[in-house]
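Let's take a walk through a protein model together. Have a look at the sequence and the fold below, and then we'll go through them piece by piece.

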Amino acid sequence: MRFSLVPHRLFADYTQITPELLQAKGIRLLLSDLDFTLAPKSVRDPDERIFAWIKSLQEAGIQVMILSNNRSPVRVERFCKDLGITYVGHAGKPSTRGFREAMDKVGVTEKETAMLGDKLLTDVLGARRAGVWALMVEPLGGAVGPWQKVLHALQAPFKAMRKE
């Protein structure tokens with residue numbers, strides 16, 4: 001079992017993850033967290049930027065799927081339905097169960113999969129444990145509330161250790 005809190009790559013936001021970047025790594029499946037990764041939690045519906053970004057990835061042959069720990073499927077289901085993509089809910093990140101389920105659905109290997117998220121203890125750790133390329137973004141809408149601010153401050157040293 002792999003254990004690392006260090007993301008492979010760090011980006012300002014999801015739009016910096018391009019089809020060319022993913023294709024260069026042989027990625028065919030991009031798993032993504034939803035809250036604070038693609039939209040602030042307060043945003044109910046995808047905007048035109050997300051639609052355009054998803055379309056560019058799909059046109060390049062890269063499937064996008066949401067991998068969410070949300071306990072209720074309502075938000076994720078609505079967001080994904082609007083985008084025309086699928087999801088694995090109640091994924092249990094950093095457990096590898098949700099990662100395996102998503103890869104099995106699409107028929108890809110760890111080497112063909114990347115995970116995009118904003119949190120080290122769920123998204124990055126889960127990706128590293130599952131053997132997939134761990135991509136991290138700064139939280140959209142910023143860290144909200146004192147606890148999230150502390151968590152994001154604690155992530156800084158691990159972000160600085162990334163190799164790529």
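Which residues are buried in helix H3 (residues 74–83)? Before the answer, a word on what you're looking at. This is a predicted model, where local features need pLDDT of at least 70, side-chain atom pairs count only at pLDDT 80 or more, and totals for chains, interfaces and linings use all residues. Residues are numbered from 1 along each chain as its sequence is written, and side-chain values use heavy atoms, with hydrogens and water left out.

Now for H3: Arg-75, Val-76, Phe-79, Cys-80 and Leu-83 are the buried ones. "Buried" means under 20% relative accessible area, "exposed" means over 50%, and "partly exposed" is in between (1.4 Å probe, protein chains only). Helices (H or I, at least four residues) and strands (E, at least two) are DSSP runs, numbered from the N terminus. Just after H3 comes Gly-84, with a positive phi of about 75 degrees.

Next, the sheet. Six strands make an open sheet with parallel pairing, in the order S1-S6-S5-S2-S3-S4. Two strands pair if DSSP finds at least two bridges between them. Strands S1 (9–11) and S4 (86–88) are at the edges with a single partner strand each, so one side of each has no neighbour in the sheet. On average, neighbouring strands are turned by 25 degrees against each other, direction ignored. Axes here are lines fitted to C-alpha atoms, for helices over the stretch in contact, and angles run from 0 to 180 degrees between N-to-C directions.

Contact means heavy atoms within 4.5 Å. Helix H5 (residues 120–130) lies across S5 and strand S6 (133–137), at about 160 degrees to S6.

What about the inside? The largest nonpolar core has 28 residues, and Ile-17, Leu-22, Leu-30, Ile-50, Trp-53, Leu-116 and Leu-135 have the most contacts inside it. Such a core is a set of buried Ala, Val, Leu, Ile, Met, Phe, Trp, Tyr and Cys residues joined through side-chain atoms within 4.5 Å. At least two residues of this core come from each of H1, H2, S3, H3, S5 and S6. Apart from it lies another core, of 20 residues, including Leu-67, Phe-99, Val-108 and Met-115.

Finally, a search of the whole structure finds one aromatic pair. Its members are Tyr-14 and Trp-53, edge-to-face at 4.9 Å centre to centre with 65 degrees between the planes. Rings of Phe, Tyr and Trp (its six-membered ring) pair if their centres lie within 6.5 Å; planes under 30 degrees apart count as stacked, over 60 as edge-to-face and the rest as tilted. Tyr-14 lies in the loop between S1 and H1 and Trp-53 in H2, so the pair ties together parts 39 residues apart in sequence.
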